[in-house]
Amino acid sequence: MASPSMVSAVTTSPSAGSEPEAPCCDPQLAAVTAERKRKRKESNRLSAQRSRARKQQQLDNLTKQVTALRARNGAMAAAAYDVERRCAAVQAENALLQAMNLELGERLQSLAGLIRSMEDATMYHQPQLLDANMYNYYY
């Protein structure tokens with residue numbers, strides 16, 4: 001049978017963590033267990049610190065990205081406004097040119113009609129050429 005000191009060294013009770021508690025009777029085993037626990041806590045602390053640093057870096061990157069996108073959005077909005085303004089100016093100029101084209105077309109038709117009228121009038125009323133022999137003046 002096992003001795004009582006061996007039974008106490010082997011018997012462990014579960015603690016709040018996943019590792020068993022260090023036995024109360026073996027100081028060397030207790031020191032090793034405490035050192036493992038301390039190293040695990042330190043490792044967890046460093047891991048949490050790295051995790052927070054990564055999250056902070058991600059947040060900083062996203063903040064920079066938001067700033068850049070807002071600036072780009074503002075520039076694009078200004079460019080869109082400029083294009084709309086120039087488009088309105090071109091539309092106004094186009095309307096003016098269309099009105100001028102209509103007016104000039106009407107003037108051209110009027111002048112063409114006037115020319116036709118003059119040609120018709122000269123066709124029917126052509127003066128006869130005077131012959132120098134027609135008028136003989138005797139003095």
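In which helix does L96 lie? L96 lies in helix 2, which covers residues 27–124. The model is a predicted one, and its secondary structure consists of 2 helices and 0 strands.

**Confidence**

The average pLDDT of the chain is 83, and 72% of the residues reach a score of at least 70. Residues 1–16 stay under 50 in pLDDT. For residues 1–16 the model has 9 contacts beyond four places in sequence.

**Surface and burial**

Of the 139 residues in the chain, 1% are buried. The accessible surface of the chain is about 13100 Å², and carbon and sulfur atoms account for 60% of that surface.

L96 is also part of a nonpolar surface patch, together with L97, M100 and L104. The patch has an area of about 380 Å². L96 has a relative accessibility of 52% and therefore counts as exposed, since the cut-off for that class is over 50%.

**Salt bridges**

Side chains of opposite charge can pair when their charged atoms come close. The structure holds 4 salt bridges.

| Salt bridge | Closest N and O atoms |
|---|---|
| R38 with E35 | 2.5 Å |
| R45 with E42 | 2.5 Å |
| D82 with R85 | 2.3 Å |

How far apart in helix 2 are R38 and E35? R38 and E35 are 3 residues apart in helix 2, so about one helical turn separates them. R38 counts as partly exposed because its relative accessibility is 47%. E35, at 32% relative accessibility, counts as partly exposed as well.

R45 and E42 are likewise 3 residues apart in helix 2, and therefore lie about one helical turn from each other. The relative accessibility of R45 is 44%, which means that R45 counts as partly exposed. E42 has a relative accessibility of 31% and counts as partly exposed.

D82 and R85 both lie in helix 2 too, with a spacing of 3 residues, or about one turn of the helix.

Which residues are linked with D82 in a network of salt bridges? The network links D82 with R85 and R86.

**Summary of helix 2**

Helix 2 contains L96, a member of the nonpolar patch.

Terms used: Residues are numbered from 1 along each chain as its sequence is written. This is a predicted model: local features need pLDDT of at least 70, side-chain atom pairs count only at pLDDT 80 or more; totals for chains, interfaces and linings use all residues. Side-chain values use heavy atoms; hydrogens and water are left out. Helices (H or I, at least four residues) and strands (E, at least two) are DSSP runs, numbered from the N terminus. Buried means under 20% relative accessible area, exposed over 50%, partly exposed in between (1.4 Å probe, protein chains only). Accessible areas come from the Shrake-Rupley method with a 1.4 Å probe; for residues, only the protein chains shown count as cover. Patches are made of residues with over 30% relative accessible area and no salt bridge: like charges are joined within 9 Å, nonpolar side chains (Val, Leu, Ile, Met, Phe, Trp, Tyr) within 5 Å. A salt bridge is a side-chain nitrogen of Lys or Arg within 4 Å of a carboxyl oxygen of Asp or Glu. pLDDT is the predictor's confidence in each residue, from 0 to 100. Contact means heavy atoms within 4.5 Å.
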